[in-house]
Amino acid sequence: MLWDVFCRVIDNHGDLGVCWRLSADLVARGEQVRLWVDDASALRWMAPQGCPGVEVHEWPEAWPAESTVEPGDVVVEAFGCNPPDAFVARMQRPCPPVWINLEYLSAEDYVERSHQLMSPVFSGVGAGLKKWFFYPGFTTRTGGLLREPDLLPRRADFDRVAWLARHATAPLPSEQVVSLFCYRPAPVSELLAQLSTPTLLLVTPGIATELVNATLPAQIQAEQTRSSGLVRVHALPHFSQREFDALLWSCDVNFVRGEDSFVRAQWAGVPMVWNIYPQDDGVHAGKLDAFLRRYTAGANPATAEAMRRCWHWWNGLGALPAGALATSGWREIASTWQQSLVRQPDLTTQLLAFVQTRRTA
Ligand code: TRH
């Protein structure tokens with residue numbers, strides 16, 4: 001099938017990150033994809049090699065009314081980004097494309113209720129068409145998570161020591177390795193002060209590097225390493241998504257954020273701290289807790305509570321708890337969780353199956 005994936009880059013990198021991973025995964029399974037994106041610039045580092053079969057097209061601010069682009073078999077609008085009117089008008093044909101709205105990831109209960117619901121379009125150029133909501137998620141009654149068929153085999157064969165030496169810097173035998181990818185204003189200076197064991201802190205470019213730099217006496221540039229007490233800080237360059245996965249596999253603890261890095265940290269199966277995307281109305285606190293409840297269900301209650309306090313502190317929702325980063329017991333939670341996720345079909349498999357049912361309905 002030919003898929004048209006629409007992506008609007010609102011902020012940060014996750015919108016495009018998710019759309020790119022989905023597009024590449026679809027192509028790997030024999031589909032054809034046109035990815036329409038209003039700002040493809042981050043693909044230069046996220047996917048420098050591109051992906052044969054994924055055609056990247058500019059989504060211009062004004063889609064030409066005279067455009068002759070014929071919609072494919074499936075139209076995916078990521079995160080309710082509203083494909084252009086002139087394109088939607090062309091979807092009006094006897095057998096219209098299956099129109100999917102791929103939603104944001106959440107562990108909240110409404111996801112199971114809303115997944116695969118249909119929304120009839122009543123007005124505008126799309127009047128009469130149907131749009132289907134597709135929700136990623138963590139339970140079998142959701143659309144699941146992106147997981148390429150080769151992801152876990154690659155992770156199992158991975159050589160962490162060689163990768164770190166080649167792409168970052170080799171850790172000392174005594175050091176734990178921690179990656180840092182976060183939003184402003186994560187309490188980075190408190191984190192640095194909290195680290196009471198020798199640590200190699202691998203800091204991603206952008207906000208994380210800026211926040212770390214604000215605590216260091218001298219600025220650190222990409223690919224430099226500097227010591228600060230028990231911590232050796234190493235500034236990373238932008239990695240491709242593939243190498244970013246490898247970074248997460250290499251660490252003992254990953255600080256991740258948003259949506260895609262958060263999911264990839266779950267596939268890494270090691271302890272993580274999630275910086276959730278902050279929303280003005282504060283609803284992110286409920287989303288954070290909804291995930292924590294699922295993630296720590298069945299865990300030792302004291303360990304679960306310590307994790308909750310740490311994640312709350314990291315997200316500005318609570319004070320710094322004593323021993324915030326005493327992560328003993330977290331590895332078991334991460335690995336039990338990863339095993340439970342593997343049991344559900346991945347998002348691309350589910351999306352392909354769903355689209356087939358809609359095409360034959
Ligand atoms: O960048 P993000 O914060 O993106 C977001 C926002 O929360 C946004 O509001 C939301 O709409 C969207 O997610 C879904 O965090 P995220 O989701 O983790 O995306 C980062 C992407 O960047 C992810 O695909 C991994 C990739 N990445 C690399 O490929 N290389 C790198 O070196 C780094 C640091 C990230």
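**A tour of the sheet and the cores**

Select strands E6 and E7 (residues 130-134): they run antiparallel and are joined by three bridges. Strands (E, at least two residues) and helices (H or I, at least four) are DSSP runs, numbered from the N terminus. Two strands pair if DSSP finds at least two bridges between them. Pick Ser 119 next; its bridge partner in E7 is Lys 131.

Before moving on, note that this model is predicted: local features need pLDDT of at least 70, side-chain atom pairs count only at pLDDT 80 or more, and totals for chains, interfaces and linings use all residues. Residues are numbered from 1 along each chain as its sequence is written, and side-chain values use heavy atoms, without hydrogens and water.

**The whole sheet**

Now show all seven strands. They form an open, mixed sheet in the order E3-E2-E1-E4-E5-E7-E6. Strands E3 (54-58) and E6 (118-120) stand at the edges with a single partner strand each, so one side of each has no neighbour in the sheet. Neighbouring strands are turned by 25 degrees against each other on average, direction ignored.

**Strand E5**

Select E5 (98-102). Is it buried or exposed? Five of its five residues are buried, so E5 is largely enclosed by the rest of the structure. Buried means under 20% relative accessible area, exposed over 50%, partly exposed in between (1.4 Å probe, protein chains only). Val 98, Ile 100 and Leu 102 point one way; Trp 99 and Asn 101 point the other. In a regular strand the side chains alternate between the two faces of the sheet.

E5 pairs with E4 in the parallel sense over five bridges. Four bridges join E5 to E7, also parallel. Click Ile 100: it is the bridge partner of Val 76 and stands opposite Trp 132 in E7.

**Helices on the sheet**

Select helix H1 (residues 14-28). It lies across E1, E2, E3, E4 and E5, at about 165 degrees to E2. Angles run from 0 to 180 degrees between N-to-C directions of axes fitted to C-alpha atoms, for helices over the stretch in contact. Then take H14 (residues 347-360), which touches E1, E4, E5 and E7. Contact means heavy atoms within 4.5 Å.

**The cores**

Select Leu 180, Phe 291, Trp 311 and Trp 314. Of the 68 residues in the largest nonpolar core, these touch the most other members. A nonpolar core is a set of buried Ala, Val, Leu, Ile, Met, Phe, Trp, Tyr and Cys residues joined through side-chain atoms within 4.5 Å. A second, separate core of 34 residues includes Val 5, Val 37, Ala 47 and Ile 100.
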